[in-house]
Every structure is written in C-alpha cells, then in structure tokens.
Amino acid sequence: MRRPERAPEGTLQPYKMRLEYLISAFTELLKRDGNYRLIIAGKPKWNEIYWNQIEQLMIDRGVRDRVIERIEHVPDAETELYFEAADVLVLPYVRIFQSGVLFLSYSFGLPVIAADVGSLKEEIIEGKTGLVFKPQDSTDLVSVIGKYFESDLFRNLESSRTEIKKYANERYSWSKVAAITTTVYSDLLGNTEDRGRKAEDR
C-alpha cells in the first residue's frame, strides 16, 4: 500500500498561493487511490471569505474528511513533526520569488513539489530534491504527484531525505552563505584596490 501524501505548508496567502488548485488535484488523486491524506498547515493571511470558499470546495468535492487542517501559526517546536510525518511538500504558488518554506523543507530532508514560478525551479533538482509542475494547473499537479510516488525519490525516501539534508547543508548553511558572501566582498575589494593602483600609476 502506498504511503499517504501529506503536504504541510507555510504562511498561507492567497495572492501568492492558491489552495483551490491543490484541492482539485487532491480530489483526482483520491479517485485513483483512497490512501492519500492532505495536511494544510500554516498561519493564514487571508480573509474569512477565501477560507470559507476553500472549505466549501472540499465539502463539494467530498474530500473534507481526508484533509487535516492546522490553520494557525505552527510553533517552531511543532514544525518538525509535520515535516517528519509528510512524504512530500506541495507548494501551489501562483506568484513568488523564492520560498523560505522550501528551504525549511530541505533542512528536514523532505522533497518538494512546487509550481514553476519565481526562482523555485532553480532551487529544485528534478528527481533528486523534488519536482516542478505548471502553475495554476491542477491536471499537471496530479500528473507530477503521481510521478513522484512512482519515483525512486519516494521509493527510497529514507536515503533521499539524507541526501536532501546534505544538499541543504552544503547549499544553504550559514557557513556556506558566509563563505560565499566573504568571497564576493573580497573580489569586490580586490577589484577596487586594483583600480586604485591603476589610477595611481597614471
């Protein structure tokens, strides 16, 4: 039996993330396999009307009992529980430059399925740290989630998590960021000094 799909999320803002695409995709997935589960977790930054629409959509689609909701700020002490319990993080963004929750997911070794918006595609190594789907396209999201659960990335999730954590530590650790920043500033200072010497030579 396949492990259920769970998707914890960060700050929920409808101008950048649209849950209706995820709910539509989730509905189709349940028709294929009733073992899927969806967790929607995070601090809401929307008006009550939007969330009421999402709740009604879940009721209309008959999936409400398959969704676990934590629509509030999740304390740091509890964040790890969601990322450890999940099989994948789904980010149905429609507008964003980069996502802090993606980096957080990597730090827990959790693969990410994200919409191809902003710089997210550049942050995802296809088949290694996650997958990308077409934004605002629930049909493509269904296809990509299905692809994920048939992939080696999921089949070898324990080892995949280890590799993703390693990747995150190498790419996003404070020491790595500091080293890159130091190199950039050193290069800039070096170029400035060179230009100064040339000016003096004149």
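**Figure 1. The exposed side of helix α3 carries Ala 77 and Leu 81.** In this predicted model, Ala 77 and Leu 81 are exposed on one side of α3. The helix covers residues 76-85, and its buried residues are Thr 79, Tyr 82 and Phe 83. Viewed down the helix axis, the buried residues fall within an arc of 95°, so they line one face of α3. An α-helix has 3.6 residues a turn, so residues three or four places apart point the same way.

**Figure 2. Phe 83 sits in helix α3.** Its relative accessibility is 4%, so Phe 83 counts as buried. Phe 83 belongs to the buried set of α3, together with Thr 79 and Tyr 82. Along the chain, Phe 83 and Ser 107 are 24 residues apart. Their C-alpha atoms are separated by 9.5 Å.

**Figure 3. The protein as a whole, for orientation.** The predicted model contains 9 helices and 5 strands. In sequence order the elements run α-β-α-β-α-β-α-β-α-β-α-α-α-α. The protein has 202 residues, of which 45% count as buried. Among contacts with a separation of 6 or more, 66% come from residues 24 or more positions apart. The protein exposes about 11300 Å². Carbon and sulfur atoms supply 49% of that area.

**Figure 4. Helix α6 spans residues 138-149.** How far apart are the end C-alpha atoms of α6? They are 17 Å apart. At 1.5 Å a residue, the 12 residues of α6 should span 16 Å, which agrees. The buried residues of α6 are Asp 140, Leu 141, Val 142, Val 144, Ile 145, Gly 146, Tyr 148 and Phe 149. These buried residues pack against three strands: β3 (89-91), β4 (112-115) and β5 (130-133). Their helical partners are α1 (19-32), α7 (152-155) and α8.

**Figure 5. Asp 137 caps the N-terminal end of α6.** A side-chain oxygen of Asp 137 lies 3.2 Å from the backbone nitrogen of Thr 139. Gln 136 is found in the loop between β5 and α6. Phi of Gln 136 is near 60°, a positive value in a residue other than glycine. Most residues other than glycine have a negative phi. At 47% relative accessibility, Gln 136 counts as partly exposed.

**Figure 6. Thr 129 lies in the loop between α5 and β5.** Is Thr 129 buried or exposed? With a relative accessible area of 2%, Thr 129 is buried. Its side chain makes a polar contact of 2.8 Å with the side chain of Tyr 106. A polar atom of the Thr 129 side chain also lies 2.9 Å from the backbone nitrogen of Ile 125. Leaving out residues up to four places away in sequence, Thr 129 touches Tyr 106, Pro 111, Val 112, Glu 123, Ile 124, Leu 153, Ile 164 and Tyr 167.

**Figure 7. Arg 70 and Glu 78 meet in a salt bridge.** The N to O distance between the two side chains is 2.9 Å. Which class does each partner fall into? Arg 70 is buried, with a relative accessible area of 16%. Glu 78 counts as partly exposed, at 28% relative accessibility. Elsewhere, salt bridges that share partners join Glu 55, Arg 64 and Glu 69 into one network.

**Figure 8. Arg 64 forms a salt bridge with Glu 55.** The closest N and O atoms of this pair are 3.2 Å apart. Arg 64 counts as partly exposed, with 32% relative accessibility. Side chains of opposite charge can pair when their charged atoms come close. In total, the structure holds 8 salt bridges.

**Figure 9. Arg 18 and Glu 20 are joined by a salt bridge.** Their side chains meet at 2.9 Å, N to O. Arg 18 has 24% relative accessibility and counts as partly exposed.

Key. Residues are numbered from 1 along each chain as its sequence is written. This is a predicted model: local features need pLDDT of at least 70, side-chain atom pairs count only at pLDDT 80 or more; totals for chains, interfaces and linings use all residues. Side-chain values use heavy atoms; hydrogens and water are left out. Buried means under 20% relative accessible area, exposed over 50%, partly exposed in between (1.4 Å probe, protein chains only). Helices (H or I, at least four residues) and strands (E, at least two) are DSSP runs, numbered from the N terminus. The arc is that of the directions from the helix axis to the C-beta atoms. Contact means heavy atoms within 4.5 Å. Accessible areas come from the Shrake-Rupley method with a 1.4 Å probe; for residues, only the protein chains shown count as cover. The expected span of a helix is 1.5 Å times one less than its number of residues. A polar contact is a pair of N or O atoms within 3.5 Å; within protein, one must be able to donate a hydrogen and the other to accept it, and residues adjacent in sequence count only if both atoms are side-chain atoms. A salt bridge is a side-chain nitrogen of Lys or Arg within 4 Å of a carboxyl oxygen of Asp or Glu.
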